[in-house]
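Open the model in your viewer and keep the selection panel at hand.

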Amino acid sequence: MKRPTFLQTQEIRNCFIQIFHILILAVIILYFHPMEAKEPPNQISFTEGGIQKTFYRNPNIEAEYLDPQQVNSSLNKSSGNQKVKFGWNIRQAGKPFYLKQSKSNVTTKVTEVYNTGVGSGPNIVLPGAIIVSFKKDQSMESLSKLAQKYKIEILRQLTPRLVSFQTEPGFFSVEKANELLNEGIVLEAYPETAVEKVLK
């Protein structure tokens with residue numbers, strides 16, 4: 001077999017260097033390119049108690065979570081006739097209850113709202129908790145491994161087979177619940193919901 005000449009060796013080396021530079025540039029672009037936020041789906045489905053449930057996103061309203069220190073008399077006055085309470089509050093999209101001019105350093109959580117029918121029925125807020133029922137009793141060790149694998153936190157072990165996990169509010173909790181269904185030990189996984197009355 002003929003050995004490559006000096007020029008051929010240089011060409012091969014230059015080719016590898018160019019490929020290496022292209023790879024480094026691609027990694028830098030991917031690392032520094034801003035990740036686009038995932039648009040919430042127009043409808044979500046999950047199974048709870050053996051029943052398939054479907055909810056439809058209402059793009060005109062959203063839910064805002066308020067801590068007790070954010071709920072005060074001035075906040076209630078500034079929001080007009082709407083009753084603002086501790087916890088999840090339904091509001092028009094883009095119109096926050098919590099005024100940023102307050103000196104509180106607490107940031108509010110805002111998430112999408114779904115309805116039982118398209119734009120009708122009670123408003124469903126997904127507060128970011130997943131309820132998981134298992135086929136058999138679970139130890140804290142197995143629950144911790146599951147939480148670590150799916151990047152969620154254990155909230156409460158309600159029974160040896162029923163556990164709640166903390167995730168991010170919104171449709172993300174539905175996605176995590178659906179991922180958990182891939183585990184052989186999981187019987188059912190669905191997001192916890194907060195229900196608000198229909199807006200008039």
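What follows is a list of stops, each with something to select and a note on what is there.

Before selecting anything, note that this is a predicted model, in which local features need pLDDT of at least 70 and side-chain atom pairs count only at pLDDT 80 or more, while totals for chains, interfaces and linings use all residues. Residues are numbered from 1 along each chain as its sequence is written, and side-chain values use heavy atoms, with hydrogens and water left out.

**Strands**

Select residues 51–66, strand β2, together with residues 109–117, strand β4. Helices (H or I, at least four residues) and strands (E, at least two) are DSSP runs, numbered from the N terminus. β2 and β4 pair in the antiparallel sense over 6 bridges; two strands pair if DSSP finds at least two bridges between them. Within this pairing, look for E64, which stands opposite V110 in β4.

Then go to the hairpin of β4 and β5, which has 2 residues between the strands. G119 takes a positive phi near 70 degrees in this hairpin.

**Salt bridges**

Now show the charged side chains. A salt bridge is a side-chain nitrogen of Lys or Arg within 4 Å of a carboxyl oxygen of Asp or Glu. By this rule the count comes to 8 salt bridges.

Select E39 and R57, whose side chains meet in a salt bridge at 3.1 Å, N to O. The pair links distant parts of the chain, 18 residues apart: E39 is in the loop between α1 (6–32) and β1 (43–48), and R57 is in strand β2. For accessibility, buried means under 20% relative accessible area, exposed over 50%, and partly exposed in between (1.4 Å probe, protein chains only). E39 is exposed at 58%, whereas R57 is partly exposed at 21%.

Move to K53 and E48, a salt bridge with its closest N and O atoms 3.4 Å apart. K53 is partly exposed at 28%, and E48 is partly exposed at 25%.

Then select helix α4, residues 171–180, and pick out K176 and E179. These two form a salt bridge, the closest N and O atoms being 3.9 Å apart. K176 and E179 are 3 residues apart, about one turn of the helix. K176 is buried at 10%, while E179 is partly exposed at 34%.

For the last stop, select E62, E64 and R91, which salt bridges with shared partners join into one network.
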